[in-house]
Amino acid sequence: MNDQIPFSQTEAVRDLSAILSLIKSGRAATRPDLQRVSGLGRGLVAERVAQLMTTRLVIEGAAGVSTGGRAPRLLELNASVGLILCLFATLAEVHFAVADLNGNILSTSQDGGDFASGPHALVANAHREWNRQLKALGKRPDDVWGVGAGIPAHINSAAGTLIDSPSLPSPWIGYAFGQELSKPYDVPFWLDTDDNLLAYGEVRAGTIPKDTTMLYLAADMAIGCGIVIEGKLFRGAQGASGNIGHIPGYNLSNVACRCGRRGCIEAQYSGEALLRDTRSGIREGRSAALAAIVGEREPTLADLASAVREGDPLAAELVSNAGFGIGQVLAATINMFNPSRVLVGGRLLDTGNLFLASLKEAAYRHCLPFVSSNLQIAAVDHNGSTGLSGAAHMAIDQIFLPEFMGLWFAKGTPRDR
């Protein structure tokens with residue numbers, strides 16, 4: 001441990017966090033690089049690097065390029081010194097993972113999203129899966145540094161409780177989800193909505209500029225939105241931003257939503273709604289193509305895509321209406337936030353190209369011209385790995401913030417905070 005470090009000095013913590021961030025991001029790989037980029041003096045950089053190396057957070061690798069004299073040693077984050085337990089849940093499925101401190105997913109598993117059984121069942125399943133994965137990796141619970149989780153509910157981040165959710169049964173509301181997930185490991189936890197973690201996973205993947213303003217439309221069994229403003233998640237005053245699915249749609253005033261209101265686009269155009277209308281259309285004999293494709297089993301969203309390709313009018317109507325109806329509301333959100341790009345993910349993309357084409361048509365038609373002039377709307381592969389990556393990076397980024405790092409660094413790990 002490193003209990004000689006003067007962590008009563010705020011500047012020391014800030015320096016350590018900044019240096020670690022530079023090494024972790026690859027912006028600085030040697031001590032001279034750290035001096036140049038951080039603006040800190042040679043002696044202070046050497047001292048802070050030594051402190052990071054004492055706790056095994058930073059290690060030396062191969063020799064770098066010499067600019068005269070002895071070549072400097074390359075510095076890197078020792079990503080294996082700690083682990084993050086990750087959970088990402090949508091209405092349809094739950095993903096579990098173990099990640100290293102670089103956010104690399106080391107092990108994953110998946111289960112159905114059975115929220116009707118209550119929160120205790122999911123927590124117990126998470127512990128079983130995580131413990132199994134740790135054992136398979138040759139790791140122990142003592143190696144865990146934190147828990148990151150996303151779930152389709154509004155979150156009280158500080159308390160780790162679920163405030164509200166139109167999608168989840170009432171036993172979930174008020175449940176101390178974060179505390180119960182992390183209890184066996186005695187580590188800090190961070191919770192967010194599933195939509196936010198999808199957006200954050202895309203940002204941290206490095207495929208888009210870090211300072212971008214972006215909307216992530218989760219067009220899935222439910223409909224949500226993650227909002228990123230200049231590279232940072234916008235959560236709103238109560239952590240409930242992004243409820244695009246509960247904005248009233250055009251001519252939908254009589255459609256009841258499970259949130260208790262009427263006219264929400266989620267009630268008419270979500271994946272659950274389309275499957276409901278598909279079953280109804282088959283039952284009423286309005287689509288011979290869908291009836292033949294589905295047979296005796298339950299329909300899927302991919303069945304709609306197949307029927308559209310066969311020229312089925314009902315399937316085409318359902319898919320195009322969903323894309324256009326969501327696109328109209330998306331346009332209002334675009335006008336509000338003026339993003340540079342919109343990423344669209346989720347199972348509604350399984351309905352085929354007609355959905356995305358209809359969504360784009362409505363969005364561009366209803367956006368102000370100067371707002372949409374350089375706007376990019378693109379489909380992305382919405383899957384558990386993106387959400388798990390968002391969960392891992394959410395926890396890692398918080399662990400290494402100066403205000404949190406100061407609570408544990410001198411003691412050794414976040415377990416000792």
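In what follows, Ala, Val, Leu, Ile, Met, Phe, Trp, Tyr, Cys and Pro count as nonpolar, Asp, Glu, Lys and Arg as charged, and the others, Gly among them, as polar. The model is predicted, so that local features need pLDDT of at least 70 and side-chain atom pairs count only at pLDDT 80 or more, while totals for chains, interfaces and linings use all residues. Residues are numbered from 1 along each chain as its sequence is written, and side-chain values use heavy atoms, with hydrogens and water left out.

**Exercise 1.** Describe the lining of the largest pocket.

*Solution.* A pocket is an open set of points on a 1 Å grid over the protein atoms alone, where a 1.4 Å probe fits, with protein on both sides within 12 Å along at least five of seven lines; lining residues have an atom within 4 Å of a point. Step one counts 31 lining residues, with Tyr200, Arg204, His393, Asp397 and Leu401 nearest the centre. Step two sorts the lining into 13 nonpolar, nine polar and nine charged residues. Step three turns to helices (DSSP runs of H or I, at least four residues), where H1 gives five residues, the largest share of the lining.

**Exercise 2.** Characterise the packing of helix H10 (residues 301–309) against helix H11 (residues 313–337).

*Solution.* The axes, lines fitted to C-alpha atoms over the stretch in contact, with angles running from 0 to 180 degrees between N-to-C directions, lie 8 Å apart at an angle of about 120°. For contact (heavy atoms within 4.5 Å), Leu304, Ala307 and Val308 in H10 meet Ala315, Ala316, Leu318 and Val319 in H11. The residues of this contact divide into seven nonpolar, no polar and no charged.

Terms used. Helices (H or I, at least four residues) and strands (E, at least two) are DSSP runs, numbered from the N terminus.
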